[in-house]
Amino acid sequence: MGKTGKRRPKGPTLAETADRHRLYELSVQCAEAEIDFVDDTFRRLRGRKPRLLREDFCGTAGVCCEWVKRRRTNEAVGVDIDPEVLDWGHTHNLSDLTPAQLERLTLLREDVLRVRTGPMDAILAMNFSYWLLKERDQLKRYLRRAREALAEDGMLFLDAYGGYDSFREIEEERELDGFTYVWEQAKYEPISGNLICHIHFDFPDGSRMERAFSYDWRLWTLPEIRDLLAEVGFSRVRVYWQGWDEDGEPDGNFRPVQEGEADAGWICYITAER
Ligand SMILES: C[S@@+](CC[C@H](N)C(=O)[O-])C[C@H]1O[C@@H](n2cnc3c(N)ncnc32)[C@H](O)[C@@H]1O
């Protein structure tokens, strides 16, 4: 019996039967839009189509799958350290690929700080995954190695978020189809810059998937990231900011800018040219 006096329906709750990886993909990823940005930006800056893409911290490899579907010549390498998430990707995402697409996709269970691959046109580290590297030397090592793994005209693609709300211990909710995505910035520590965040999912039957994902990050700022990229030898670093639609909401179009805006919360892309 619940507090309201209502009897809970028999059987498992929605939270108990939901798949956390699927919910993650539905809430925070848009592989098509990400690949549109990578493809268009690379072509514009390099004057050719990119072909070889490495997705670091690839998780379920949705972005790699989108890449090999995009063009018959495209090849992707996904790198993640966690066998569980890679297995999920194999079962749920790679299973949708044709044999020809599968042949052009390799998943490596490796540490991004150690992995060795051939020269890539584009290396991606998205959804702030590189913030797991909390020490300056560690992030610098990753960026140096990423640069070395790029072709002569290769590019590194990162994203970042910030704004004054990013330093606050807050929860934000977003209603999605059949569930609510909850982003919790649980603890920010200003001396180290360490940030602990969680993703929870709430369901219409009142159940919650608590801490479906947790992150122990450093909240890196853009000047720090740009300095590190320059220090490891990237020739040019650009930042891409979103515009606004007529309702005053971010419009999803990222354009290169020299100056950002002091918003409460912003997300941007960063490119670094080898
Ligand atoms: C937030 S998920 C990112 C998923 C995906 N890139 C995205 O855009 O949403 C972070 C992933 O990084 C992986 N990871 C953490 N440390 C790693 C490391 N040192 N080397 C490779 N993968 C790592 C985790 O297993 C996890 O799947």
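How are α2 and α5 oriented to each other? Here are a few friendly notes on that and on the ligand site.

1. This is a predicted model, in which local features need pLDDT of at least 70, side-chain atom pairs count only at pLDDT 80 or more, and totals for chains, interfaces and linings use all residues. Residues are numbered from 1 along each chain as its sequence is written, and side-chain values use heavy atoms, with hydrogens and water left out.

2. On the opening question, helix α2 (residues 20-28) and helix α5 (residues 83-92) have axes that come within 11 Å and cross at roughly 80°. The two helices, α2 and α5, are therefore roughly perpendicular to each other (the term covers 65 to 115 degrees). Helices here are DSSP runs (H or I, at least four residues), and axes are lines fitted to C-alpha atoms over the stretch in contact, with angles from 0 to 180 degrees between N-to-C directions.

3. From α2, Arg-20, His-21, Arg-22 and Glu-25 make the contact, meeting Glu-84, Val-85, Trp-88 and His-92 of α5 (contact means heavy atoms within 4.5 Å). By class, these residues are 2 nonpolar, 2 polar and 4 charged.

4. Ligand nitrogen atoms have polar contacts (N or O pairs within 3.5 Å): a backbone N or O atom of Val-112 lies 2.9 Å from one, and a polar side-chain atom of Asp-111 lies 3.0 Å from a ligand nitrogen.

Methods:
A polar contact is a pair of N or O atoms within 3.5 Å; within protein, one must be able to donate a hydrogen and the other to accept it, and residues adjacent in sequence count only if both atoms are side-chain atoms. Angles under 35 degrees count as roughly parallel, over 145 as roughly antiparallel, 65 to 115 as roughly perpendicular and the rest as oblique. Ala, Val, Leu, Ile, Met, Phe, Trp, Tyr, Cys and Pro count as nonpolar, Asp, Glu, Lys and Arg as charged, and the others, Gly among them, as polar.
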